[in-house]
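Have a look at the model below, then follow along with my entries.

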Amino acid sequence: MNHSSAPSRRRVLATGLGAAAAVSLAAPGTAAAAPAKRRSAALVVHHARVLTGEAHAPVEQSLAVGRDGKVLATGSDAALRRYVGRDTEVVDARGATVMSGIHDGHAHPLGAGERSLHPTLEGATLTVPQLQEALTGFLSSDSSHEPDGWLVVEDWNPVGLLPAGTVPHHRMLDSLPTRRPIALIGNDGHNAWANQRALDLAGITAATPDPAGGQIVRDPDGKPGGLLKDTAQDLLTRVIPPPTQAQLVAACAKALAQAAASGITTFMDASVGTHELDTYAALSAAGKLPQRIVPALLIGPDLAKDPAGALRYVRELRARYGQVRGLRFGTAKVFLDGVIEYPSQTAALLAPYLDAEGRPTTHRGDLYVSSADYGRLATVFDRADWQLHAHAIGDRAVRTALDGYETAVRANGRRGNRHTVAHLQLVHPSDYRRFAPLGVVACMQLQWAMRDIWTMEALLPYIGPERHRLLYPARSLERHGATLSGGSDWPVDPLQTWNQVRTAVDREGAEAGEGALYPELEGLTRTSSLRMHTAGTAYQLRMDHLSGRLLPGMAADLVLLDRDVTRVPIAEVSGTGVRLTLVGGRVVHEGVTAPVAARRARSLTGVHGACGCG
């Protein structure tokens, strides 16, 4: 591995920007779009490998950031010397790579902060006795909350209860040495598991109806068994005492700082209501919102049947929170189905699930919004220039989303709202070609595209080998002209930004327990993976001033890396370190060996507090 030595920073280089030349794949040219009259830059990075993101463009040596937070110029070290003024920040990258920041098109960053306030099982695969031992340890370390304080445990693995096929039941939790209510929150975001006391406090009984878009798993006599799927989780979580606002803001600020250290400059928060908006407002007011945030305002399955009411709802939220610095409104989120893995199997499939022996069943999962209802919703929102972002795991849910967007196009024409389908775990091949003509973006979480317990033990037996080979069809969608964007779905998974970029290519990554998942069929090129996680997501989010490219006039949302992710062996991309992250020209992360000293009172662009996001 040929990693660059640590970069350094000085206010003004005494030796001048042309003192040393960085290695380049092509001969450097003059500064791009150099103005007739010199303007000093807020920041100049030189002795770098600047990847502008333009196809077939040369790798440049230097980049200048203007005082408006935009890229001023790229070019050779000698050409950009003209931008160094008396108060210009100058970074000697010492050969390190500069590229666009990562735009995360589907995540739940505030959820990551809130989860950090509770003990975690870290997604472990455990037998029932091992799980009980772990929970007993949590109880022992927190005995001051006996007998009534809730024990909330995060990152429980709903498919990892051994032996395979074991279904969670409240009796397994009731046997623990405690009277406390216990809630295990699934790391997939679609399952929760409660003991009997927690069910009692939540008022969940045999008489409680399943909510729209959810299921209370029941015993044969109709009594709740303790497992709650999708929106049924809300019946439990709404009675769990929330953290204080100060605790929540501190935890979320730490989570967002972690994301900045991973190179993420933009998030689409994929499920937002007033609770999340209040937290973002508090973070922004405290100057602790480093990324640009696109909140996808959640429309529940009942509200989705009332397009006019749904539109009023999102407009009211935009009016109430639209002045929060750092937020950009215009996207709404709808869950069309759940998850595909056993035991949940709430993803909507065209053909039925199989049983554990591979025999067909009559179960095709759950479709939370009908095709007709989604078509009406899409038509109204599209006409109002709002973008829809559909959660669709199964092929029936994906088709429902596409049918809805097609209805909108027939009614309104192509309006360029870049409606999106997220996850796309299983897509029927006949639907691959539909994305491009409809202008629909395919937002994929390709860190899941590997062989592990989720794709193998919890899935292969229940959909069969033919459908299994179609999982996460990134290359097929790209080949049919679909625009791909990338997202992490953090904290459903740990935040491993660069391993995510790698796994899209080799379909194995650093986390696979059982090997690669059909890379010969659906693996992307490295260029395609980088594009989908930068330019593709900027396109999805309708942030054309970002575009995922470092060109004059574009926002200076960029990262300085410890390796060239376009040239190192693909396995080494997973370990990429981020030395510096800028959002709108403002430093939001500096690594231990980062080139810019900690700032106290001012940013590079003279902007204080949270970034300005358009």
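Predicted model: local features only at pLDDT ≥ 70, side-chain atom pairs only at ≥ 80, totals over all residues.

**Burial.** I looked up how much of the protein chain is tucked away: 59% of its 614 residues are buried (under 20% relative accessible area, with a 1.4 Å probe and protein chains only).

Residues are numbered from 1 along each chain as its sequence is written, and side-chain values use heavy atoms, with hydrogens and water left out.

**Overall size.** I checked the radius of gyration, taken over C-alpha atoms. The protein chain has 25 Å, which agrees with the value near 25 Å for a compact globule of 614 residues; that rule is 2.2 Å times the number of residues to the power 0.38. Along its principal axes, the C-alpha trace spans about 80 × 60 × 50 Å.

**Helices and strands.** I found 17 helices and 25 strands in the protein chain. Both are DSSP runs numbered from the N terminus, helices being H or I with at least four residues and strands E with at least two.

Which strand order does the open sheet of five strands have? I read β3-β7-β23-β24-β25, with mixed pairing (two strands pair if DSSP finds at least two bridges between them). The edge strands, β3 (49–50) and β25 (586–590), each pair on one side only.

**A closer look.** Strands β23 (residues 558–561) and β24 (residues 578–583) pair in the antiparallel sense over four bridges. I also noted that L560 has L580 in β24 as its bridge partner.

How values were computed
Buried < 20%, exposed > 50% of the residue type's maximum accessible area, 1.4 Å probe, protein only.
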